[in-house]
Amino acid sequence: MTQQLSLSAAKALAISEHLDQLQFRDLLRNISEDPQLKQFAPDGVCHIDPRNGNLIIYNSARAKRIHTTAKPTQTCQDDYCPICDGKSADILDIAEHSEGFTFINKNLYPIFYPIEQIPKENADYFLHQDPFHTGRASYGFHLLQWTSSLHHRDWHNMPFEDALISFQRLAQLEKDLLHQPSDFMASSETQLKQQEVVSGYVSIIKNYGASAGASLVHGHQQIAYSNILPQHFFNNLRFRQRHNKAFSQYMIEENPKPLLIKDYGEMQLMVPYFMKRPLDMLLIVKNSEHRYLHQLTVQEQQQMVKAIQQTIAAILTLMEQMGLPPAYNMIVNNGPGCGLYLEFLPKTQMMGGYEQIGLFVCQANAADSAQLLREEICKKHQQISI
């Protein structure tokens with residue numbers, strides 16, 4: 001029998017079955033008053049490394065979580081999965097697939113939390129009594145999207161139409177958070193064409209495999225809604241300001257043609273000429289005015305989902321051929337000033353001391369990686385088209 005969360009169990013955990021049914025103020029109140037989240041609330045402070053602008057947020061309570069103290073597993077054949085067993089926080093959104101469903105819930109171990117609910121002793125210490133340096137407050141909330149209720153299903157092995165549904169629900173969540181109609185989060189930009197105010201920042205990442213930081217095997221994405229913009233995304237804004245073009249446009253124009261893996265029509269999958277680790281890839285949306293997932297057209301959504309599926313499948317296959325446990329990070333680069341693009345970072349090499357000082361030693365070259373990926377993707381997917 002396939003290990004999975006049943007739809008009836010998910011609906012029993014749901015405070016809403018669709019994001020459209022949930023007012024933002026109700027979501028905020030639910031998160032603020034959740035006793036489970038309160039016991040693992042973050043410290044609520046952010047410090048900035050003055051050398052490079054990296055942001056460091058603190059959550060001492062995360063050291064207590066089971067996934068931190070237990071040995072992580074590498075495969076999707078666990079004997080026990082808390083998600084499949086219904087040990088989930090409140091569910092906010094459910095969308096059915098041809099088999100199973102995708103759903104969004106609260107993270108029980110949040111990295112951001114509504115500021116008024118941060119334990120006072122933490123805020124007092126870090127914001128007022130810190131003898132070294134005063135930090136800035138960090139707040140918001142932290143959600144999870146489970147790609148499928150089926151334990152073994154994730155982007156790389158789901159039917160395309162099901163994967164598209166999961167992607168669309170993720171994009172809708174991004175939109176709902178950024179355009180929330182309250183003063184909970186300060187505005188972060190105005191989209192001039194639509195004259196819409198965007199509030200806060202939505203950071204979307206995926207960890208797959210223990211070495212990439214995945215504490216649970218059941219496939220999922222993490223969504224952080226916060227008042228702080230991660231340095232990586234700030235760099236995208238700064239690049240546009242310096243060069244008068246988005247980084248995504250720059251890569252379309254400047255990345256060498258032999259490093260193109262596949263052109264999907266409205267986007268390109270490529271190995272960057274500055275590849276830091278074998279199999280690193282960028283999925284670039286050609287329209288550099290797109291800054292968020294929810295701005296993609298239907299055709300662009302379809303092409304992005306197909307590219308995500310093919311890219312991840314290639315990473316997993318090639319890492320297995322290399323004798324490495326499959327593991328990668330996927331990063332959605334969105335936000336003010338950004339030209340939308342996705343980053344795929346397979347864990348094909350360890351980080352060493354030189355890498356920690358910004359000197360990366362890569363054990364492959366970009367052209368060879370591009371050829372390897374091109375052959376793998378074309379071999380398996382040349383017969384599939386949209």
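Start with helix H2, residues 24-32, and show side chains: Phe24, Leu27, Leu28, Ile31 and Ser32 are buried (under 20% relative accessible area, with exposed over 50% and partly exposed in between; 1.4 Å probe, protein chains only). Those residues sit on the same side of H2 because they cover an arc of only 130° around the axis, taken from the directions from the helix axis to the C-beta atoms. Helices here are DSSP runs (H or I, at least four residues), as are strands (E, at least two), numbered from the N terminus.

A word on ground rules: this is a predicted model, where local features need pLDDT of at least 70, side-chain atom pairs count only at pLDDT 80 or more, and totals for chains, interfaces and linings use all residues. Residues are numbered from 1 along each chain as its sequence is written, and side-chain values use heavy atoms, leaving out hydrogens and water.

Next, select Asp90 and Lys106, whose side chains meet in a salt bridge at 3.0 Å, N to O (a side-chain nitrogen of Lys or Arg within 4 Å of a carboxyl oxygen of Asp or Glu). Asp90 is in the loop between helix H4 (66-69) and S3, Lys106 in strand S4, so the pair ties together parts 16 residues apart in sequence. Lys106 is buried at 1% relative accessibility, while Asp90 is partly exposed at 23%.

Last stop: Asp49 and Arg51, another salt bridge, with the closest N and O atoms 2.8 Å apart. Asp49 is buried at 15%; Arg51 is exposed at 74%.
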